Amino acid sequence: MRSAALDILERPEWVRASASRLTRHGACCDRARAWLVAMARSHDFAVTDGLAFAGPRWLCKRYTWGPTRWPIAWCEAIHADTIDCGVFGAFALEIFRAKGVEAHPAQVLRTYAEASTTHWRAKWAAMPEAFNWIGARVVYHEVTLVHVGGSVARIYDPTDGVWLDPGIRDGHGAHVAVRSEAPVAVTWGAHKLAHGQWTQIGPMPGRPAGA
Amino acid sequence: MANQTIFVSGLHSGPSPSAGLGVARSLRAAFGTCHLIGIDYWAGSSGFHHEVFDDVWLKPSWDLLEQDLYARELAAELARGACWVPNLDLEIAWLARRMPAHRGLLAPSDHALAQTGKPFPAVARRLPFELPPALEMTIPDDEIHAFCRDHSWRVWIKGPYHEAIAVASWPELERARAQLRERWQTDRLSIQAHVRGYEESVAFAAVGGAIADAVYMRKRIVTPEGKTWAGRIGEVPAELLTPIEAAVREIQWTGGAEIELLRDVDGRLWLNEWNPRFPAWVHGATLAGRNLPAALVCRALGLPSPAARPLTGRVEFTRVVLEVPVRAELPLPLLPEPEHGIAGAVGKYGAALSAIVPLLAPEDRVRVAPPQVPAELAADLRDAAAVGATPHRLMFRRTAEAAFAGIPQPARPPRRAAGPAQLRFAYSLKTCPDAEYLALARGAGMLAECISLLEVRRALEAGWSAGDIVLNGPGKWWPSSEPATDGLRAVFCDSVEELERLQTSGRGDRMWGLRLRVPGLRSRFGVAVDDPGAFDRVCTAVAALPPERQLGVHVHMAGTLVGIGHWRDVVESAVVWAAMLEASTGRAVRVLDLGGGYHPDDLGRIPFAEIAAFASSRLASLNEVYVEPGRALTQATMGVVTSVLDVRRRGGQIDEVVVDACIAELPLAQVYPHRIFLFTGGRAVPVARGPVRLLGRICMEDDVLSPGLELPSNIAVGDRLVLSDAGAYERTMSYAFGRAGYP
């Protein structure tokens, strides 16, 4: 954790954070995981499209993004209507791995203006057990790193159903730092991501007035 | 450059904008005092009114334009030192044919254009892009249908220069083909497989085969018409730019161009189209610091080019909608009087551009190849000559025998414990319950697949035992007056409620199962599992089955409607669900039933043994995989012999032919292509697609048996045709409308 990104890890829990993990009750959760994988195969169209790395786009059509009460078990998560990026990330990881794609959890820090974050903060305040992901300058977000060959990786954001663009470094929604849980170093665009470390990839936003 | 005159055409800035306005704004940005003249061929072209133009030329639409005069006007302006930057594809093609090369005419030559035309651009061999599968649409309809099935009915019908329509079924394809043929006045259309990918582009400016500048663009926001609304400009990667430069050099390209690409998520780049002009978003690149139109003009005039500049920080652009005042000297065209229909009157930009097409390709009418005729069908058609009264549905016996001969006999002894599940073929009585077909099916060792108790009775009467009958469908216990034969081989329920009733029925069938409604499919049949609660309910019902009852899973989606790849996705998905059902209930799945709906030509192409092996790898206790060939066995084995009742002409040419068959005999006439034959000199000759509509005998507007056939000018009342591919549901869904007796 020697990265310059440490400077903007505003909350101690972000420093310690690794990928969100869903808990397991027992057989009910095994069935829930299997249901998720079967749903993903039905929406994959692997033969029709001939694509190995197609992401689970159906997730963000089926589930609404919002606060999740943690901890949450698999059998509870699949029944939920609203899930946060940690659950989205856990779902996507399970789906990529089930179809034989090497995937790992990853986290990003993103910049957003107060005009957006004040609303999210209010929404999350209604659920005290939810993860505190909104900082003064950046927000914490969970994504999925997909190994596409050699040391090359791409990053899928299952919450929005998009592949992140490593060239976007500043502005609304830009990712200024990335943390990969891939066991080895990988390259993402022009960036090299070491295992378990926050890597700064964009300019830090200034501190808001009075912060 | 102070007084340089530059003509720019293609000015309409609507939902599908031309590039002229963006080109002009870029030129103005580079050469503040040049003299910019905008050209278009419709008074409503909105770009006329933009302040960027010093002057405008409104020319007549292309169907009224005096071409010789226009060519002389253009040549005179070029001789005076003007530059001409055309931005309409068809106009560019006309210029290439009509105008000699000139340093001020910044457009590709006819030779260069020919290297980039659809659907197989020769220049593609120089480029590091894959080409989506495509076909010229001059092949017979049954081959076009096969292409669509191969690509899972995700295809585009494309015009000869631009315009593409996505189609997902045969009726949609027919509509799109008719629409494009009408618009472009040619049969030179093509069909291209859809590629699932991001839309990206390389745009460049070149003179004499040398690229002056190039940029890469990734679309960020796309309009409902698929047009760019916002995008991100970047450098062209070296691994793409080098081969593009080589290709441009080889074909000696001059002018702007846009290479439209599709990038799939696996990283492959596909060449969609090579457009012979700048893209409409070209000013977005100028805002990012790369002015392609200026680079083009500078290179053409031998002026020092603006140094290749790095992109600015503002590499993203978007469009906005702006109102601008209309030039006083060019008032807007009046709207035509609203017509009777509910569609409002709209502008007709580009409506006459297609008038250029016949000028570009004035050769003879495109000839479409007639369908191929297999040997068995040729022999069967000879029997059709002996038919008396018409219309008459005729069994093609040799074709039927050949189809059933292709069914592998059941393996003896049955499956070994360690091997893959055994394939068993089941004949669907609904695809033809006639005695000849039932005998063929029994001879081929097939099981019987029924969807009602009446069909069960028919199967028993034909000699099948109850233990060889598979009962399917949402209303399988109908009619209640019929005894519900017990001891069937398999019963697949269409709902959880039906399975629960079965548990209390006291029946002793060998196997009970469920038809799955695989998520992502639009189907009214089967048990939904796309909700965890619904799946839990399925599991509860399955877990409660008597232990002695075997469990099966049925999946069905017509391959002829969704295509082969999609069908396989559905089947593999069903296997995954079956495995999950096993894991969740502790009940082993013993049978997998693959429903019918295959096209006759696909039955031999689908690797059922491979699919059985895949299923066995996921379902350890799987004993049997039932394959229901359905219409694949019977569709091609019948024809309707029909007689000509009326021959109608327009302008001396045959326009429509009425026959005594109709959609009552061929209720699916418009759902898939039928091979049609004309008796000439005692022989049945295959008929190609052509201009003559074939109409049925009944007074229904949709009684159109073919939208177009190539029929001889001497066809006469009483001549006979055979409409083949009239078995299966054409046989069993036919009805009595228009005949003397009704049921």
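Predicted model: local features only at pLDDT ≥ 70, side-chain atom pairs only at ≥ 80, totals over all residues.
A salt bridge here is a side-chain nitrogen of Lys or Arg within 4 Å of a carboxyl oxygen of Asp or Glu. Arg177(B) and Glu174(B) form one, at 2.8 Å from N to O. Both sit in helix H6 of chain B, three residues apart, about one turn of the helix.

Residues are numbered from 1 along each chain as its sequence is written, chains are lettered from A in the order in which they are written, and side-chain values use heavy atoms, without hydrogens and water.

The whole structure holds 63 salt bridges over all chains. Glu163(B) and Arg183(B) make one at 2.6 Å, N to O. That pair links distant parts of the chain: Glu163(B) lies in the loop between strands E6 and E7, Arg183(B) in helix H6. Helices (H or I, at least four residues) and strands (E, at least two) are DSSP runs, numbered from the N terminus. Glu163(B) is partly exposed, at 26%.

Now the interface. 33 residues of chain B contact 28 of chain A, contact meaning heavy atoms within 4.5 Å. Seven salt bridges cross between the two chains. One joins Arg62(A) to Asp531(B), with the closest N and O atoms 3.7 Å apart. The largest share of chain B's side, ten residues, comes from H18(B).

Definitions and conventions
Buried < 20%, exposed > 50% of the residue type's maximum accessible area, 1.4 Å probe, protein only.
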